[in-house]
Amino acid sequence: MQNQQGCVSEFPKQLILPCPAKQKAGMEEEVMMSMTEKETAAMNNPHFVLVHGLGGGAWCWYKIKCLMEISGYKVSCIDLKGAGTDRSDANSIVSFDDYNKPLMDFMSALPHSEQVILVGHSAGGLSVTQATHKFANKIRLAVYVAATMLKSGFLTDQDTKDGVPDFSQFGDVYELGFGLGAEQPPTTAMVKKEFQRKIIYQMSPQEDSTLAALLLRPGPTLALQSARFKEDGEMVEKVGRIYIKTMHDNVIKPEQQEAMIKKWPPSQVHVLDSDHSPFFSAPFSLFGLLLKVAATSAGYK
């Protein structure tokens, strides 16, 4: 402040510098408060990571992604190799590690302090399981939606019976690709267009099955068959698992889902009155279930 002679008689209080030690302590307290707020926000607004099934892509989740984002949730949709917008030729993908690399890279890049809710549909369940083996500390919850849920992948004939679709009742439904030559086992498969709605989308809106017919791509079946995970029971069991059954499923049939649930029991089982594609046929019910399990997931860690 200035006196009548124009001299400074005292410093304004806001110009007096604080003690460095007190300043440091205050900064640390502020940082700790910020971290706590971030952790609380993360718990209240979890990050969902959605993984498609064979031949699908991130596009499969467009309704769920929209519902989540307008409700304030963070959501990431993954395109696995040779799927969606990834331009790799599926016939060149012959190992599961190669096929699932986009998800593994995504999980690896996550900050160590972040935990996500990983959601896999159909064959995307295998992708989720591999992630739980390798990144258990970054996964808050694993959710299997009409999905292949095998702790160690395809190790036995029973695993194949439980986790691989059986379309024999529908006849010759596959278009096959032979990337290694006609004398070698097929490298890719895709359900023929005339069977897609009948098998995969029979309860879904016509416009969604039409969209799928435009976007589905051959899936690397040879790579999928090589999905085997090194047993690490301690780490993989750290991740809480939820299974969402689909009662009118022609792909992973209800009895197959039940067999996998009995073999590797999850924390909770929920049921949807839907076909194999509830993100199309029952999006609001699926969205509500995902929020419900997210809200209770803190108890699984």
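Buried means under 20% relative accessible area, exposed means over 50%, and partly exposed lies in between (1.4 Å probe, protein chains only). The model is predicted: local features need pLDDT of at least 70, side-chain atom pairs count only at pLDDT 80 or more, and totals for chains, interfaces and linings use all residues. Residues are numbered from 1 along each chain as its sequence is written, and side-chain values use heavy atoms, with hydrogens and water left out.

**View 1. Cysteines Cys77 and Cys66.** Cys77 is partly exposed, because its relative accessibility is 22%. Cys66 is also partly exposed, at 41%. The whole structure holds 0 disulfides (pairs of cysteine sulfur atoms within 2.5 Å). Cys77 is in none; its nearest cysteine sulfur belongs to Cys60, 9.4 Å away.

View 2. His47 lies in strand S1, residues 47–51 (strands are DSSP runs of E, at least two residues, numbered from the N terminus). His47 is buried, because its relative accessibility is 5%. Its side chain makes a polar contact of 2.7 Å with that of Glu114 (N or O atoms within 3.5 Å, one able to donate a hydrogen and the other to accept it; residues adjacent in sequence count only if both atoms are side-chain atoms). Leaving aside residues up to four places away in sequence, His47 touches residues including Lys74, Phe106 and Val116 (heavy atoms within 4.5 Å).

**View 3. Tyr174 in strand S5.** Strand S5 spans residues 174–177 and includes Tyr174. Tyr174 is partly exposed, because its relative accessible area is 34%.

Note on methods:
Helices (H or I, at least four residues) and strands (E, at least two) are DSSP runs, numbered from the N terminus.
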